[in-house]
Amino acid sequence: MLDVRKVPASAGAEWLLGGFGLLRKAPLGLGLLGALYGALALLVSLSMERNMELFMLLQLALVLIGPLLLGGFVFAARSVDQGGKAEPGQLLQGPRTGRSARLLATLLPQVVALIVCGLLLLLLVGSAELAQMVQTIEHMQGQAKPDPALVNSLPIGRLMLWLLLVFVVGIIASFFTFVAIPEIMFTDSSALEAMRRSFHACVRNLPALIVFAVLGVIAVVAIYMAVMLAALVVKLVVGDQAMQVVAQLLATAILMPVFTGAMYHAWKQMLAADGATVAPVIAGIEA
């Protein structure tokens with residue numbers, strides 16, 4: 001079994017720059033893959049206006065195929081990194097190579113996290129008080145000006161503590177999957193072994209993860225601001241519905257390739273057998 005490599009905190013910035021570098025190398029190919037994912041998500045959200053049951057079913061389907069599509073994204077990222085192309089057919093590379101079961105198994109940490117969060121809510125608030133809280137919120141929604149006494153009756157402190165614990169549980173769950181998908185796509189590791197190595201890599205390189213998370217949030221905000229400016233122009237020319245479509249497709253066309261590319265570069269630095277780095281990509285950006 002290969003050891004997990006220790007990387008400096010600055011590697012978190014390198015991962016993100018590596019994702020942007022890959023998108024720069026193949027903006028049309030990778031952008032199209034991101035836009036296709038955005039189109040699927042848009043269709044799911046539009047179904048809510050027609051039928052809530054259909055929306056729930058499609059939302060579940062999107063969640064289930066999510067790891068398969070992510071496997072395709074990281075495969076396309078490696079293809080571009082090695083001088084190849086990004087093509088729509090690569091999104092199905094996981095099922096095509098018999099990795100579907102292992103990719104779907106990466107949903108397990110999310111399922112466990114949901115169960116843990118539900119149990120924490122019951123422990124902190126209690127089932128009876130939860131039912132009363134739901135009734136209180138429903139009563140407040142029917143009021144033009146909610147009664148302050150009703151607000152004060154809610155267990156705000158315990159709910160805030162629960163939200164903090166949910167955040168922590170979510171972070172821990174993400175450690176199991178951050179580089180598990182490229183590990184599955186590019187090695188013969190089992191799903192459990194890939195998730196174990198992903199968790200180990202994240203814990204050992206926590207400073208790099210923190211740098212990546214902070215810069216990632218900044219990048220998302222900046223990208224969404226640029227996307228909304230472009231969408232506002234579309235709104236002035238075409239209308240509101242076109243604005244929503246453009247905003248969704250343009251955002252995913254950028255964000256999905258960038259962050260899956262960053263995931264791929266993180267895997268290269270921490271887990272890949274050759275110990276490859278993202279220095280060539282960063283040099284290309286600086287040039």
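Mentor: With a relative accessibility of 42%, Val-111 counts as partly exposed, because that class lies between buried (under 20% relative accessible area) and exposed (over 50%), using a 1.4 Å probe and protein chains only. Before we go on, note that this is a predicted model, where local features need pLDDT of at least 70, side-chain atom pairs count only at pLDDT 80 or more, and totals for chains, interfaces and linings use all residues. Residues are numbered from 1 along each chain as its sequence is written, and side-chain values use heavy atoms, with hydrogens and water left out.

Val-111 sits in helix H6; helices here are DSSP runs of H or I with at least four residues, strands are E runs of at least two, and both are numbered from the N terminus.

Now for the charged pairs. A salt bridge needs a side-chain nitrogen of Lys or Arg within 4 Å of a carboxyl oxygen of Asp or Glu, and that rule gives 3 of them. In one, Arg-196 pairs with Glu-193, with the closest N and O atoms 3.0 Å apart. These two residues are 3 apart in helix H11, so about one helical turn separates them. Arg-196 is partly exposed at 36%, and Glu-193 is partly exposed at 23%.

Arg-197 also forms a salt bridge, with Glu-183, at 2.8 Å between the closest N and O atoms. Arg-197 lies in helix H11 (residues 191-204) and Glu-183 in helix H10 (residues 180-186), so this pair ties together parts 14 residues apart in sequence. Both Arg-197 and Glu-183 are buried.

Another pair is Asp-81 with Lys-268, whose closest N and O atoms are 2.8 Å apart. Since Asp-81 is in helix H3 (residues 52-81) and Lys-268 in helix H13 (residues 240-270), the pair ties together parts 187 residues apart in sequence. Asp-81 is buried at 19% relative accessible area, as is Lys-268 at 8%.
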